[in-house]
Amino acid sequence: MSKKQKEVQIQVQSEAHWKDIMRAEPGVLVEVFSGQWGQCLCFKGIISRLYYDHMDTVKFYIVDAEQVESFAEYKGLPKPVYIAYKDGAQLATVEGVQGPKIERALVALSEAIGSN
């Protein structure tokens, strides 16, 4: 029997919710997926580890591109896109499950927030 992992990504519910997040959070990593293809389940274990490594500086979110207009350009994309934001500005974008690139983006984001 496998252990159930804690859900570390918060679902973005709407455009208004996303705008509230952008105003309130200094550091955000969002996984954008297409409802047609679904969330990337094979990477959840790595996301959990990254969450625990960066939980003091970065909040982790997940969003269905079909439900939030800010992510409309990713509708129908068959792979996830990971976007790092600092103070509401896009800092890095990684298309697909590219662990080392995502990790480097998170380290850069954490360092940028820590230097404030």
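Predicted model: local features only at pLDDT ≥ 70, side-chain atom pairs only at ≥ 80, totals over all residues.

Visitor: Okay, and which residue does Glu-103 form a salt bridge with?
Guide: Glu-103 forms a salt bridge with Arg-49, and the closest N and O atoms of the two are 3.3 Å apart. This pair links distant parts of the chain, since Glu-103 sits in helix α3 (residues 99-114) and Arg-49 in helix α2, 54 residues apart.

Visitor: What else does Arg-49 form a salt bridge with?
Guide: Arg-49 also forms a salt bridge with Asp-53, where the closest N and O atoms are 3.2 Å apart. These two residues both belong to helix α2 (residues 44-54), and because they are four residues apart there, about one helical turn separates them.

Visitor: How exposed are Arg-49 and Asp-53?
Guide: Arg-49 has a relative accessibility of 36%, so Arg-49 counts as partly exposed. Asp-53 is partly exposed as well, with a value of 47%.

Visitor: Where else is there a salt bridge, say one with Lys-79?
Guide: Lys-79 forms one with Glu-95, and the closest N and O atoms lie 3.5 Å apart. This pair, too, links distant parts of the chain, with Glu-95 in strand β5 and Lys-79 in the loop between β3 (59-64) and β4, 16 residues apart. Glu-95 is partly exposed at 39% relative accessible area, and Lys-79 is partly exposed at 37%.

Visitor: New topic, then: how many helices and strands does the protein have?
Guide: The protein has three helices and five strands, and along the sequence they follow the pattern β-α-β-α-β-β-β-α. The radius of gyration is 13 Å, close to the 13 Å that the globule rule gives for 116 residues, so the protein is as compact as a globular protein of that length.

Visitor: What share of the residues counts as buried?
Guide: Of the 116 residues, 43% count as buried. The protein exposes about 6500 Å², and carbon and sulfur atoms supply 52% of that area. If you look at contacts with a separation of 6 or more, residues 24 or more positions apart account for 71% of them.

Visitor: I keep looking at β4; how many of its residues are buried?
Guide: Strand β4 covers residues 81-86, and six of its six residues are buried. In a regular strand the side chains alternate between the two faces of the sheet. In β4, Val-81, Ile-83 and Tyr-85 point one way while Tyr-82, Ala-84 and Lys-86 point the other way, and all of these are buried.

Visitor: Which strands does β4 pair with?
Guide: On the one hand, six bridges join β4 to strand β2 (residues 27-33), and the two run antiparallel; within this pairing, Leu-29 has Ala-84 of β4 as its bridge partner. On the other hand, β4 and strand β5 (residues 89-95) also pair in the antiparallel sense over six bridges, and there Ile-83 has Thr-93 of β5 as its bridge partner.

Visitor: What happens in the hairpin of β4 and β5?
Guide: The hairpin has two residues between the strands, and Asp-87 takes a positive phi near 50° there.

Visitor: One last thing: how many disulfides does the structure hold?
Guide: The structure holds zero disulfides. Cys-40 is in no disulfide, and its nearest cysteine sulfur, that of Cys-42, is 3.5 Å away.

Note on methods
Residues numbered from 1 in each chain as written. Heavy atoms only, no water. Disulfide = S-S within 2.5 Å. Buried < 20%, exposed > 50% of the residue type's maximum accessible area, 1.4 Å probe, protein only. Pairing = 2+ DSSP bridges. Rg over C-alpha atoms; globule rule 2.2 N^0.38 Å. Contact = heavy atoms within 4.5 Å. Areas by Shrake-Rupley, 256 points an atom, 1.4 Å probe, with all protein chains shown as cover. Salt bridge = Lys/Arg side-chain N within 4 Å of Asp/Glu carboxyl O.
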